[in-house]
Each structure stands twice: as structure tokens, then as C-alpha cells.
Amino acid sequence: MKELSTVYNFLDFAGTFVFAISGAVAAKQKGMDLFGITAIAFTVACGGGIVRDVCIGVIPPSGLTNWRYLALAIIASIMTVGMYSVVQRLNRPVIFFDALGLSLFAVTGASKTLVYFHNSEIAIILGMTTAIGGGVLRDILLNRIPIILDREIYALAALAGALVVVVGKYFQWSDNWVQLIAIVICFGLRMLALTFHWNLPVYNREKTPH
Amino acid sequence: MKELSTVYNFLDFAGTFVFAISGAVAAKQKGMDLFGITAIAFTVACGGGIVRDVCIGVIPPSGLTNWRYLALAIIASIMTVGMYSVVQRLNRPVIFFDALGLSLFAVTGASKTLVYFHNSEIAIILGMTTAIGGGVLRDILLNRIPIILDREIYALAALAGALVVVVGKYFQWSDNWVQLIAIVICFGLRMLALTFHWNLPVYNREKTPH
Amino acid sequence: MKELSTVYNFLDFAGTFVFAISGAVAAKQKGMDLFGITAIAFTVACGGGIVRDVCIGVIPPSGLTNWRYLALAIIASIMTVGMYSVVQRLNRPVIFFDALGLSLFAVTGASKTLVYFHNSEIAIILGMTTAIGGGVLRDILLNRIPIILDREIYALAALAGALVVVVGKYFQWSDNWVQLIAIVICFGLRMLALTFHWNLPVYNREKTPH
């Protein structure tokens with residue numbers, strides 16, 4: 001299973017990097033300086049995992065101790081500032097890897113939680129938190145309503161991925177297969193939602209003054 | 001004391017449910033989808049308690065492991081979306097149970113903290129955090145200034161409730177009586193403030209450009 | 001070294017008080033009541049340290065158990081409300097002690113983290129978090145983009161202070177000297193940036209619609 005672990009590591013770094021890019025682009029558009037951009041990039045990339053680790057008692061949170069994540073956030077920020085036209089052209093790969101990162105973070109978040117507590121609810125909530133927490137923190141820092149709570153099947157795809165992990169644990173299926181299937185389902189759901197513009201229904205938006 | 005514990009359980013669920021309703025209504029008014037509404041409802045209902053548990057080292061936080069809270073948030077969200085006219089007519093009971101939830105959360109939050117640390121300050125701060133933390137998180141997510149920090153004797157009532165618990169502990173009065181008295185004081189203060197429109201003074205609001 | 005410790009204690013209280021003043025002034029300008037002002041003042045003064053303590057497993061966080069910090073926040077709030085003209089005339093000392101508080105918090109935050117974990121990255125991140133976390137939380141609560149992420153060499157000065165602590169630990173220099181040098185560097189950098197209006201470059205602010 002060594003190959004699989006290498007694949008996961010690559011996906012983890014790719015997902016982290018893409019999350020960092022999305023944070024850096026949003027911060028740059030708000031006119032922040034290089035430090036602010038890096039801070040937001042790091043928050044998006046590691047924020048969800050840090051909240052998860054605090055909630056399951058993994059002290060210190062792994063996002064704070066692995067210098068690779070910080071390095072990825074710094075590289076993403078410098079790229080965003082220095083090669084903005086390149087980053088903009090990366091739009092398609094970014095959406096692709098963002099969906100991959102979402103899937104991976106949801107699945108690894110739920111799995112890591114299950115290692116510490118045999119409780120389905122916390123695994124589902126913290127799997128989702130790992131996947132979408134960084135984006136929510138980014139939008140709080142940039143002073144806007146978290147779009148993740150307001151967008152096409154995004155958080156719901158993370159929910160599906162975490163759910164598959166919990167169900168697989170319940171039936172004691174092989175961890176590797178469960179994680180692979182969960183990632184495929186979450187990723188597929190997100191890509192289908194993007195392709196066909198699936199949305200959850202929204203209620204009386206037009207009737208309410210914002 | 002079995003009956004008292006049943007009463008507390010009922011109040012706990014009623015308070016949680018009403019807090020969830022208040023979150024769901026606010027999220028619906030911002031035009032969120034069903035997922036966003038549920039996420040905000042859950043945050044209001046459990047956010048304060050989760051922050052408290054992280055600060056006193058109760059890992060995992062009980063708000064994340066008791067499926068009843070999540071179920072209450074989901075029911076509150078579905079009700080808010082599907083039966084909005086009913087929920088709107090619940091305005092009076094909501095204010096009533098919101099005050100009850102506030103009292104109960106302040107008192108149980110302070111009591112739970114005292115079980116872990118014999119320190120008055122942390123019990124008072126975390127009692128208040130349990131009671132008002134969820135509402136503060138709701139307003140941060142909905143991108144507005146926390147109204148709880150800006151409204152009639154609300155947080156102050158929670159402070160009073162937590163304070164009674166700490167004083168009672170100091171004089172070693174019976175826990176059950178102390179909690180009952182603390183709830184009555186907090187609840188009474190809040191209802192009186194609502195009835196007579198008591199407010200803390202506000203300073204130079206009109207003079208300052210926002 | 002007893003004298004040095006007295007000096008640090010004085011600086012710690014002065015820094016906490018000035019941070020609390022800055023929070024109280026911002027909250028007053030937003031038209032909050034006395035409770036809201038105190039809550040924001042306490043958040044600015046202790047928020048960064050509480051986040052740090054949660055991340056390194058110091059439970060309960062020391063900001064929640066030392067009544068002196070709460071007392072300082074209350075005094076700062078009452079002063080801000082009752083003697084606003086005095087507080088406004090304190091503008092220069094406030095900037096001076098704010099820079100001192102920043103330096104001290106960055107250095108003590110990084111040092112405290114190193115006591116628990118021998119890991120440079122977490123010490124740097126949490127040193128900065130201690131110094132600027134309270135200000136970031138203040139701006140989130142007041143519903144604006146954290147100015148700390150967007151201002152003259154402020155967070156960067158905190159970074160420099162934390163970095164010196166980590167480097168000093170690596171070479172096993174005397175703790176007291178390292179902390180003193182780190183404080184001087186962080187404080188000097190901040191005061192120089194203020195004097196000469198140093199800023200990190202900002203990218204395409206004018207080109208982007210907000």
C-alpha cells in the first residue's frame with residue numbers, strides 16, 4: 001500500500017496548495033499586502049485541520065508543526081503576487097484540485113477523528129470541518145458571508161465523503177478501499193454539481209432586504 | 001432529585017431548539033440554502049458549549065458527540081424552511097424559551113466549569129460564553145456586528161446567572177438550589193429588561209460615522 | 001534576575017492595558033454599550049494568548065484564570081467611557097505601549113510555546129498569534145477586515161521578534177538576553193515603520209472593485 005500512501009501525500013500537498021492559492025487570490029483582490037495574503041493562504045490551507053485537531057485533542061495541531069504546509073502557503077502567495085496572470089489561467093486546474101482537496105480533506109478528517117473517538121457524529125462534523133473550515137475562516141477574515149455555506153453542492157459533497165467513511169467503519173470494510181470510494185463519491189458529486197450547476201434550493205432570497 | 005434532572009433535560013432541549021430556530025431564521029433571511037441554514041442553526045445551538053469545552057479540556061466537546069443536538073438543529077432548520085409562517089407566529093414562545101435557554105446555558109456552563117477548575121473568573125467567563133457564544137458566532141458568520149454585544153440586558157443577565165453559581169459555590173450552598181436560583185435571576189432579569197426596555201447606556205453613537 | 005522579571009510583569013500589564021484601551025476605543029466608536037466595550041477590550045487583551053494556550057494544551061488558558069487581565073479590561077473600558085478626552089490625548093503613549101505590548105506578547109508567546117514543544121514553526125506562528133490574535137478577533141467582532149493584516153510593518157515586527165526567540169533557542173543562548181534582544185528588535189522595527197511610514201507593497205488595490 002506504499003504507492004497509495006504516496007498518492008495520498010501528493011493529493012494532500014496538491015489540495016493544500018490549491019486551497020492556499022484560493023486564499024491568496026481572495027486576499028489579493030481585497031488589496032492586502034504580502035503578509036496578509038500569506039496569512040489568509042495559510043488559514044485556508046490549514047484552518048480546518050487545526051480546528052479539527054483542537055477538537056479531538058491532537059495538541060499541537062499538525063497544521064502548526066509541519067513546515068511543509070507553511071512553505072506551501074508562502075509559495076502560493078508569492079506565485080499569486082508575482083505571477084497573477086499565470087494563476088488566473090490556472091482557473092480550471094484550480095477548480096479541479098479544489099474539488100480533490102475538498103474530497104481528500106473530508107475523508108482524511110473523518111478518518112483521523114475515528115482513530116481517536118468511535119463516534120459517528122463527531123467524525124462527520126469534523127470531516128466536514130476539515131474540508132470547509134479553512135474557507136469559512138477565509139471569508140470571516142475577508143469580512144463576507146462564507147460562500148461555502150451559500151454555494152453549489154460543496155459542503156454537501158464533503159458531508160457525503162465523511163458519511164461514507166463512517167458507514168465503512170461501521171461495517172468494518174477495509175480502510176483503504178473505504179477512503180478511495182469516499183474520495184471518488186465526494187469528488188464526483190462536486191464535479192457533477194459544477195458541471196450541471198446543481199444547487200440546493202434557496203429560500204426567499206428576493207423577498208428579503210439584505 | 002430525579003424530577004429536577006428531567007426538568008433540566010427538558011429545558012436544555014427546549015433552549016437548544018430555540019437557539020437553533022433563532023439561527024435558522026437569521027440564516028434563511030440572508031438567503032442561505034438548507035445546508036447553510038442547518039450549519040448556522042447548529043452553530044448557535046452548540047457553538048458556545050463547544051468553545052467552553054475546548055477551554056476546559058473536555059475533549060471531544062459534548063456538542064459534537066451527542067447526536068440529539070445535531071438532530072434538533074436539523075429539525076429546527078426544516079421547520080424554519082417548511083413552516084416559516086408557523087415559526088414566525090412562534091415569536092413570543094421563542095423569546096420566552098430563548099431567555100430560558102440563556103439562563104440554563106449560563107448556569108450549566110458555569111457549573112460545568114467549576115467541576116473542572118476551582119476558579120471563579122473562568123467559571124464566570126465561560127458561563128457567559130456558553131450562553132452567548134453561539135449567538136456571537138452566528139453574527140460573525142452572517143457578517144454583522146454581534147447584536148448580543150449591543151442589546152438590552154442580555155449578556156448581563158447571563159453574567160448575573162454565572163455569578164450566582166460562583167457565589168453559591170464559594171459559600172458551599174446546595175448545588176440544586178443555587179442553580180435554580182441562578183436560573184430564576186438570569187431569566188427574570190432578561191424578561192424584565194425585555195418588558196421595560198432596559199438598556200445599558202450607549203456612548204456617542206450619533207457622533208461617530210460608522 | 002528578579003528585577004528583570006519585575007520589568008517584564010510591568011510591561012505585560014502595560015501591554016495588556018494598552019491593548020484593552022485600543023479595543024475599548026474601537027468598540028465605543030461602533031456605538032456599543034458598556035458590556036460590549038468590556039467584552040471587546042478583554043478580547044483584544046487576552047484573545048491571542050487564549051488561542052495560543054488552546055493550541056499548546058495549556059488548559060485552562062491563563063488569560064481566563066488570572067483576574068488581573070479581566071480587571072485591566074474593565075478599568076480600560078470604564079476609562080474609555082468616562083474619560084474619553086483623556087484617552088484620546090493618550091494617543092502617543094498608546095502607540096508607544098502598543099508597540100511594547102506587541103513586542104512583549106510576540107516574544108513571551110514564542111518562548112512559552114518552546115517550553116512545551118521543541119518545534120520552530122509552531123513557536124513562530126503562535127508567537128505571532130499571541131501578539132496579533134487579539135486585534136484580529138477585535139476586527140472580526142467589529143465586522144471589518146483585520147487592519148493588522150493590512151497595515152504598516154506590524155505583524156512582520158511580531159514575526160521578527162518570534163524568529164529571534166527561535167534562533168536564540170537553536171543556538172542555546174541565554175533566555176533572558178534572547179528575549180531582551182527580540183523585544184528590542186520587534187519594538188524598534190515597529191517604531192521605525194511608524195516613523196518612516198514603511199509599508200509592505202500592496203497589489204492592485206485600485207484595479208479591483210471591492
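The following paragraphs describe how chain B meets chain C in this predicted model, and then turn to one residue of chain B.

The meeting of the two chains may be taken up from its extent. On the side of chain B, 31 residues are in contact with 28 residues of chain C. Between them, chain B and chain C bury about 2,400 Å², and 69% of this area lies on carbon and sulfur atoms. No salt bridges are counted between chain B and chain C. Polar contacts do occur: five residue pairs, both members at pLDDT 80 or more, are in polar contact between chain B and chain C.

Three helices of chain B, namely α2 (34-56), α7 (120-141) and α8 (155-170), each supply at least two residues of the side that touches chain C. Of the elements of chain B, α7(B) gives the most to this side, with eight residues. By residue type, the side of chain B that touches chain C divides into 20 nonpolar, six polar and five charged residues.

A polar atom of the side chain of B:Thr129 lies 2.7 Å from the backbone oxygen of B:Ile125. When neighbours within four places in sequence are left aside, B:Thr129 is in contact with B:Gly48, B:Val51 and B:Gly134. Two of these partners, B:Gly48 and B:Val51, carry numbers that fall within the range of α2 (34-56) of chain B. B:Gly134, by its number, falls within the range of α7 (120-141) of chain B.

How values were computed
Residues are numbered from 1 along each chain as its sequence is written. Chains are lettered from A and ligands numbered from 1 in the order in which they are written. This is a predicted model: local features need pLDDT of at least 70, side-chain atom pairs count only at pLDDT 80 or more; totals for chains, interfaces and linings use all residues. Side-chain values use heavy atoms; hydrogens and water are left out. Contact means heavy atoms within 4.5 Å. Buried area is the accessible area (1.4 Å probe) that two parts lose on being put together, summed over both. A salt bridge is a side-chain nitrogen of Lys or Arg within 4 Å of a carboxyl oxygen of Asp or Glu. A polar contact is a pair of N or O atoms within 3.5 Å; within protein, one must be able to donate a hydrogen and the other to accept it, and residues adjacent in sequence count only if both atoms are side-chain atoms. Helices (H or I, at least four residues) and strands (E, at least two) are DSSP runs, numbered from the N terminus. Ala, Val, Leu, Ile, Met, Phe, Trp, Tyr, Cys and Pro count as nonpolar, Asp, Glu, Lys and Arg as charged, and the others, Gly among them, as polar.
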